[in-house]
Amino acid sequence: MKMAALCSEFGDLVQIKKQLISVISLCKERGLLHSAKWASELAFALDPLPKDELPPTSPLTEEDAQDLDALTLAKSYFDLKEYDRAAYFLKGCRSQKAYFLYMYSRYLSGEKKKDDETVDSLGPLEKGQVRNEALRELRVELSKKHTAGELDGFTLYLYGVVLRKLDLPKEAVDVFVEGIHALPLHWGTWLELSNLVTNIEMLKSLSLPDCWIKDFFMAHMYTELQMIKEALQKYQNLIEAGFSKSTYIISQIAVAYHNIRDIDQALALFNELREQDPYRIDNMDTFSNLLYVKSMKPELSYLAHNLVEIDKYRVETCCVIGNYYSLRSQHEKAALYFQRALKLNPRCLGAWTLMGHEYMEMKNTSAAIQAYRHAIEVNKRDYRAWYGLGQTYEILKMPFYCLYYYRKAHQLRPNDSRMLVALGESYEKLSQQAEAKKCYWRAYSVGDVEKMALLKLAKLHEQLNESDDAAQCYMLYIQDIFSCGEQLEHAEVSTALRYLGQYYFKNKLYDEASLCAQRCCDYNDAREEGKALLRQISQVRDQIETPSADLFAPLSNNNTPVRRVSPLNLISFTP
C-alpha cells in the first residue's frame, strides 16, 4: 500500500482515538479483556483527547434498561470467574449485551471444566479427548439466531469461536468475516480469523472492510505467513502514520526480526520494549529464545528472575525459566517448566515446541514426536514443529517420514537454508541424488547460515566420482569460509583442502596442489597427508612450471577460482 493512501486512512487520528475509546468500553462490558487491552495499548500511543472531544457513553435501549440489574450482578460474578452463576442470572434477558454475556459465560464455563479435567486426569503428553461439552448446544442456539439475522458483531465473534472449536474452519472463517464487517474495531475477531488463514492466496480471497485496523491485521498476517519484508513495511507505514509510541508495534517488529533470525536487531527492539514497559510479560518468551540462541546466560537469568517477581504463574514466565534451564543443559528441569506452561495454557504453541526440543535432548523421541504433533495441532504454520518431527524421524532412521516433515517445514520457510540442507540429506539417504544436489545448491544460493550446503554437495559429487564438480564446490566452500573469517574454527576446511590438493595433483597443476598441501599442514588432521603430497609433488617436478597466481587470491577480490577448475555449470542443479 502506498503511503499516501495509508495517510488518508489514518488522516484523522483524533477519530481513531475516539473509536478506540468506544470499543474499549464495549469490550470491557462484555468481559473481552484481551481485546480491551489491545485497544487500550493502541489508544495510549496516541495523544490524549481534550475533555469536550471524548466520545459519549453508548445510549441505553429499553431492553438494556430492563436487563441492567441482572447484567450488573452477572458481570460481577463473571469477573470472579463464576461463569455458571453469571449465566443463571442472565437467562431470559433480551438485550444484545446480556445475551452475549449469557452465551459467553456458558462457553467459558465449558472451557474451564475442560481445562480442569485435562490437567487433573491426563499426563502432559497424552492425547486428550476432553471436549468443551457446551459447544454443541451453543452452536445450535447461535445457528438459529444467525439464520434469523439476530447476531451482532460480538455474538458473531463468539459463534465463529464455537465453530472453530468444533473443527469447522470454513464455516468459522465466513462467520468471522461477517463479524468483522458488523464490528470492524473488535481486534479479537481479526485475531481469530488470522489463526484460520493458511496461505497468502486465502488471505487475498477474503472480503474485508477497508478500515484502518485492516492494516494491523495484514501486518500481523504477513508475519504469520513468514512474509517478513512485507510485514516490516506495513509496520513502518503504521509508525509513520502516527503510531510511533505503540509498544504493540515495537513487539511485533521484534517478533518479525526474530522470525528471519536477525537476532541483533530483534534483541535491540526487545531491550527498547523492556525500557518502555518494564513489567511487560507478553512476548518475553520470544525474547528468551533470542537470549538462548546467543547463549547470553546472565541476561537470560536476569530476565527469568525478573518475570518470576512480576508473575511466576504466567505461561511466558514458565517458558523463560524453561529456556534458562535448557541453556544450562538441565533438560529435565526445562521440560518440567514447559509442562507447567502447558498446564496454564494447553494451547501454548511455544511450550509444545520447546518441550519437543527438550525431549530430543533427553533422547526421548516418542515424547518429542507427541509434543511436536501437539504444536502442529495448535498451529499448522509452526515450521519449528515440522522441522523437529523431521529430526526425530531422522534419529529413528525413517527417511521417508523425514522427507515428508522437512518438506512441510520447507514450504513454510522456503528460503531457510537449514530446511533445504535437511531435505537434501533425506533425498541422499533415499538415493535420490539429483534432488539432493538441487536442495544443497538452493541452500547455498539463499544464504547458507550453517555453511554446510556446499560441503555436503561436494561430498555427494565426490561419492558419485564427479571430481570436477566436487572440486568446484570445495573451492566455493573454502572461499565462503575464508570470507567469514572462520577458517581456523571450521574443522571441515582441511577436508576440502585435502581433496583439492589431490585433484590438482592428478590434473598436473602442481603449484595449486602445492599450495593446498601447504595449507593442509595448518590442520592437525590433514598435516601428514599434506606433507606426503608435498613430497610427491617435489618428486614429479622435473622442470619448473610457470608460477601460477596465488590460489587463494580470489578471497580478497571478486574473481572466482572456479574457472581454474573445469568450466562446469552448477546452475544446472538449480531447481
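Trainee: Which residues line the largest cavity?

Mentor: In this predicted model, one cavity of 30 Å³ or more is present. The largest cavity has a volume of about 40 Å³. Its lining consists of Leu 497, Arg 498, Gly 501, Gln 502, Cys 520, Glu 529, Gly 530 and Leu 533.

Trainee: Which element gives the most to the lining of the largest cavity?

Mentor: Two elements give two or more residues each to that lining, namely α28 (493–506) and α30 (527–540). With four residues, the element that gives the most is α28.

Trainee: What volume does the second largest pocket have?

Mentor: The pocket is an open space, whereas a cavity is one that the probe cannot leave. For the second largest pocket, the volume is about 840 Å³.

Trainee: Which residues are the closest to the centre of that pocket?

Mentor: The second largest pocket is lined by 29 residues. They divide into 13 nonpolar, eight polar and eight charged. The closest to the pocket centre are Arg 261, His 357, Tyr 387, Gln 391 and Arg 418.

Trainee: Which element supplies the largest share of the lining of the second largest pocket?

Mentor: The elements that give two or more residues to this lining are α14 (247–259), α16 (284–293), α18 (315–327), α20 (349–361), α22 (383–395) and α24 (417–429). The largest share is six residues, and the element that supplies it is α22.

Trainee: How many residues apart in sequence are the parts that the pair of Trp 190 and Phe 217 ties together?

Mentor: The rings of Trp 190 and Phe 217 are 5.1 Å apart, centre to centre, with 50 degrees between the planes, and the pair counts as tilted. Trp 190 belongs to helix α10 (residues 187–194) and Phe 217 to helix α12 (residues 213–224), so the parts tied together are apart in sequence by 27 residues.

Trainee: Which residues do ring pairs link into a cluster?

Mentor: The structure holds 28 aromatic pairs. Ring pairs join several residues into a cluster, made up of Trp 38, Trp 187, Trp 212, Phe 216, Phe 243 and Tyr 248.

Trainee: Which residue lies over the face of Trp 386?

Mentor: Lys 145 lies over the face of Tyr 99, at 4.4 Å from the ring centre. At Trp 386, the distance to the ring centre is 5.4 Å, and the residue over the face is Lys 408.

Notes
Residues numbered from 1 in each chain as written. Predicted model: local features only at pLDDT ≥ 70, side-chain atom pairs only at ≥ 80, totals over all residues. Heavy atoms only, no water. 1 Å grid on protein atoms, 1.4 Å probe; cavity = no way out; pocket = protein on both sides within 12 Å on 5 of 7 lines; lining within 4 Å. Points joined across faces, edges and corners; volume = space filled by probe spheres on them. Nonpolar A, V, L, I, M, F, W, Y, C, P; charged D, E, K, R; others polar. Phe/Tyr/Trp six-rings, centres within 6.5 Å; stacked < 30°, edge-to-face > 60°. Lys NZ or Arg CZ within 6 Å of the ring centre and 35° of its normal.
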